[in-house]
Amino acid sequence: MTRGRAGTDLRSRIVRRVMVPVLVALLVLVTPLLVVMERQVRGQVVELAERRAVSVSLLAAEPDAGPLPGLDRLADLPGEQLAVVDRHGVTVEGADLPLRVRRGEVVGGALAGHLGAAVDRELGLVVAAAPVAGDGAAGAAVVWVPTSVITDRLGPGLGLVAALTVSLLVASALSARALARTVVRPLQTLDAVAARLEAGDLEARAHLVGAPPEITRLAERLDHSTQQIQVLLARQRSFVADVSHQLRTPLAAIRLRLENMALAAGDPDGRIAATIEEVDRLATIINDLLTLARAEDAPPRPEPVDVAAVVRERVAVAWTPLAAAAGVTLRSSATGPAVATGVPGGIRQVLDNLFANALQASPPDGGVDVTVEGDPHEVTVRIADRGPGMSDADRARAFERFWRGETRTAGGSGLGLPIAARLVEVSGGTIALHSREGGGLVAEIRLPAAGAADRSEGISS
């Protein structure tokens with residue numbers, strides 16, 4: 001998963017963690033509010049219906065009222081119906097009562113002398129009835145209103161609650177996204193710095209600005225730790241370089257004295273010669289340590305290198321005569337553009353190291369094939385021998401410092417391949433060992449083609 005995708009997922013998780021409690025809180029607060037609002041509006045409509053019923057009952061109770069023509073004109077609410085019924089529940093004036101309303105408790109209570117109102121949800125009506133006082137034939141005044149009036153009156157309040165709820169949700173979402181950005185962006189920066197440190201770039205620093213204090217302190221500690229590691233590594237490399245440099249002169253003096261002893265007293269049993277070989281091996285290790293320390297201590301910036309030209313020069317000038325003396329055939333070929341970026345002089349040293357290993361591993365009458373392949377993106381160099389090869393386990397450890405496999409030559413220092421790997425790494429490339437079909441080993445170097453990074457940046461932009 002890429003860092004961008006991981007950052008997006010983290011932002012989403014933070015937003016969800018913030019929004020879920022907000023949604024629950026809104027539900028807890030809004031649900032009772034809606035219930036209270038519905039009860040209040042329903043009570044207002046019921047009370048209004050009761051008042052209308054009382055008003056009609058008072059009109060019907062007047063001694064000289066007579067018939068009440070145009071009772072429907074007294075209706076004020078949408079869908080409101082008014083009626084005056086006799087003592088048997090039969091309509092005298094106004095609209096005809098629905099059968100369920102006429103037989104209901106509200107009308108029955110009014111005929112018995114009680115004011116009442118109720119909401120009949122099955123009929124969808126609010127019914128109110130008031131008794132008509134006096135000795136006339138009228139028994140009760142009845143008013144019924146559709147329950148849609150409650151919904152209509154509840155609408156503005158519901159709209160206001162909905163608007164406030166949506167506003168709170170939007171504000172919470174924006175706040176959550178802002179919080180997520182405040183947390184995720186510095187974490188992405190720390191992740192990128194950690195990736196650079198993992199790749200060996202000890203110059204990487206976080207330098208966070210505007211991040212939460214906890215993350216800022218973490219970044220400062222990471223930067224301080226990186227600086228301390230950089231100082232310790234610099235001291236270690238300086239120590240190795242100084243020791244290696246200081247040991248070269250006494251080793252040269254010891255070798256010279258051993259040679260003089262051999263010339264003066266002879267060496268019939270070969271002990272002095274064996275000691276000189278060990279001194280040479282120790283000198284090789286010291287030289288390799290010095291080379292490795294220099295390669296790790298602020299290596300120069302990679303520059304364009306014609307890899308094919310370097311291969312031809314090293315094969316023709318340095319290694320063909322040595323191969324011929326060992327009875328090994330050295331063949332080279334190049335195809336395509338082969339200009340790569342590399343540390344000045346580093347590619348030559350890597351090739352010399354790999355050529356030496358291939359010649360040492362190749363049997364007499366064997367062959368070493370060197371191929372250079374290039375394209376607009378990378379340059380690949382393969383050096384293949386017909387030696388005993390290496391097992392998978394040996395190839396996995398071949399680039400460890402001072403490691404020497406069972407098939408390695410006795411005079412090796414165990415630093416040649418680590419030095420080559422480091423020089424290729426600082427050049428921006430990779431190095432690997434593969435088994436060769438039919439027996440042998442293939443050392444493969446891949447280097448970025450000159451200008452490949454500029455082209456990729458141009459495409460991405």
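The protein chain has 11 helices and 12 strands. Helices (H or I, at least four residues) and strands (E, at least two) are DSSP runs, numbered from the N terminus. This is a predicted model: local features need pLDDT of at least 70, side-chain atom pairs count only at pLDDT 80 or more, and totals for chains, interfaces and linings use all residues. Residue numbers start from 1 along each chain as its sequence is written, and side-chain values use heavy atoms, with hydrogens and water left out.

**The chain overall**

Of the 461 residues, 36% count as buried. Buried means under 20% relative accessible area, exposed over 50%, and partly exposed in between (1.4 Å probe, protein chains only). The accessible surface comes to about 26300 Å². Carbon and sulfur atoms hold 57% of that surface. Areas come from the Shrake-Rupley method with a 1.4 Å probe; for residues, only the protein chains shown count as cover. Contact means heavy atoms within 4.5 Å. Among contacts between residues at least 6 apart in sequence, 65% join residues at least 24 apart.

**The nonpolar cores**

A nonpolar core is a set of buried Ala, Val, Leu, Ile, Met, Phe, Trp, Tyr and Cys residues joined through side-chain atoms within 4.5 Å. The largest one has 42 residues. Among those with the most contacts inside it are Val307, Leu351, Leu354 and Ile445. Elements that give two or more residues to this core include α7, α8, β9 (367-374), β10 (378-384) and β12 (441-448). Helix α8 gives the largest share, eight residues. Another core, of 23 residues, lies apart from it; Ala53, Leu77, Ala128 and Ala130 are among its members.

Ile445 reaches several places in the sequence. Leaving out residues up to four places away, Ile445 touches Val350, Leu351, Leu354, Val379, Thr380, Val381, Val424, Thr430 and Ile431.

**Where α7 meets α8**

A search of the whole structure finds one aromatic pair. Trp319 and Phe355 form this pair, which is edge-to-face, at 6.1 Å centre to centre and 65° between the planes. Trp319 lies in α7 and Phe355 in α8 (residues 346-361), so the pair ties together parts that are 36 residues apart in sequence. Rings of Phe, Tyr and Trp (its six-membered ring) pair if their centres lie within 6.5 Å; planes under 30 degrees apart count as stacked, over 60 as edge-to-face and the rest as tilted. Both Trp319 and Phe355 are buried.

Arg314 also sits in α7 (residues 307-325). Its side chain makes a polar contact with the side chain of Glu313, at 3.2 Å. Such a contact is a pair of N or O atoms within 3.5 Å; within protein, one must be able to donate a hydrogen and the other to accept it, and residues adjacent in sequence count only if both atoms are side-chain atoms. Beyond its neighbours within four places in sequence, Arg314 is in contact with Trp319, Arg348, Asp352 and Phe355.

Ala323 is another residue of α7. Ala323 touches Val328, Leu330 and Leu359, not counting residues up to four places away. Ala323 and Gln360 are 37 residues apart in sequence and 9.5 Å apart in space, C-alpha to C-alpha.

| Residue | Relative accessible area | Class |
|---|---|---|
| Ala323 | 1% | buried |
| Arg314 | 14% | buried |
| Asp365 | 74% | exposed |

Asp365 is in the loop between α8 and β9. Asp365 has a positive phi of about 65°, although it is not a glycine.
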